[in-house]
Amino acid sequence: MTSTDFSYPQPTDDELAAQQPRVPTPPAQPIYASPRPDDLADAHGSAAARMDGAASAKSPTLGKVAVALSIVAMVLSLAASVILGATVGPSEAASGYYFTDTPDWYQTLATVLVGVQGLCTCAGVTAIILGITAAVTGRGRTPGVIAIAIAAIAPFVSFGTFIVLSFIAA
């Protein structure tokens with residue numbers, strides 16, 4: 001029933017359903033859709049502008065670049081954490097509690113390693129962005145997802161390694 005007023009005859013659900021079209025017609029093309037490269041080639045009408053099937057396949061290079069960048073960032077970050085974590089405890093025990101009490105060469109080494117960590121952070125964020133782009137656009141979807149996972153896990157592994165080694169070496 002469509003109304004609580006029973007004085008007028010109301011159509012039944014079957015009668016209402018019969019008034020609807022049997023198969024809804026899909027819209028011709030959504031307004032928000034961007035044209036595909038093949039549609040653009042068809043619009044130009046020339047056979048030279050049309051891309052064939054092999055050329056229109058998306059290359060997985062972007063996903064592979066994202067994986068390579070995330071692995072390099074993780075390895076460099078892990079190496080910097082291992083070196084700094086293994087040396088911070090003995091340096092503190094030999095020189096004193098404050099960073100300025102340590103020798104100049106160790107201050108330089110620690111500053112460079114922290115700089116490497118910052119560089120690896122930028123490379124990891126770039127790998128995440130490239131991985132997301134590769135996964136969304138289909139240009140290396142699986143490598144893009146792997147790159148996102150590696151770049152997201154790497155800071156936790158690196159920091160955990162630093163903490164563990166700094167406590168063990170102390």
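## Basis

The model is predicted, and local features need pLDDT of at least 70, side-chain atom pairs count only at pLDDT 80 or more, and totals for chains, interfaces and linings use all residues. Residues are numbered from 1 along each chain as its sequence is written, and side-chain values use heavy atoms, with hydrogens and water left out.

## Helix α6

Helices are DSSP runs of H or I with at least four residues, numbered from the N terminus. Helix α6 covers residues 141-169, which is 29 residues. The expected span of a helix is 1.5 Å times one less than its number of residues. For α6 this gives 42 Å, and the end C-alpha atoms are 42 Å apart, so the two agree.

At A154 the helix bends by about 30°, and the proline P155 follows within four residues. The bend at a residue is the angle between axes fitted to the seven residues ending there and the seven starting there.

A residue is buried under 20% relative accessible area, exposed over 50% and partly exposed in between, using a 1.4 Å probe and protein chains only. In α6 the buried residues are G144, A147, I150, A151, A154, S158 and S166. S166 has a relative accessible area of 13%. Contact means heavy atoms within 4.5 Å. Not counting residues up to four places away in sequence, S166 touches G85 and V88.

## Aromatic pairs

Rings of Phe, Tyr and Trp (its six-membered ring) pair if their centres lie within 6.5 Å; planes under 30 degrees apart count as stacked, over 60 as edge-to-face and the rest as tilted. The whole structure holds 2 aromatic pairs. W105 and Y106 form an edge-to-face pair, because their ring centres are 5.8 Å apart and their planes stand at 85°. W105 is exposed at 60% relative accessible area, whereas Y106 is buried at 3%.

The pair of F159 and F162 is tilted, with centres 6.4 Å apart and planes at 35°. Both residues lie in α6, 3 residues apart, about one turn of the helix. F159 is exposed at 53%, and F162 is partly exposed at 22%.

## Nonpolar core

A nonpolar core is a set of buried Ala, Val, Leu, Ile, Met, Phe, Trp, Tyr and Cys residues joined through side-chain atoms within 4.5 Å. The largest one has 5 residues: A80, L84, Y106, A110 and L113. Helices α4 (61-95) and α5 (104-137) each give two or more residues to this core, and α5 supplies the largest share, 3 residues.

Leaving aside neighbours within four places in sequence, A80 is in contact with L113, V116 and Q117.
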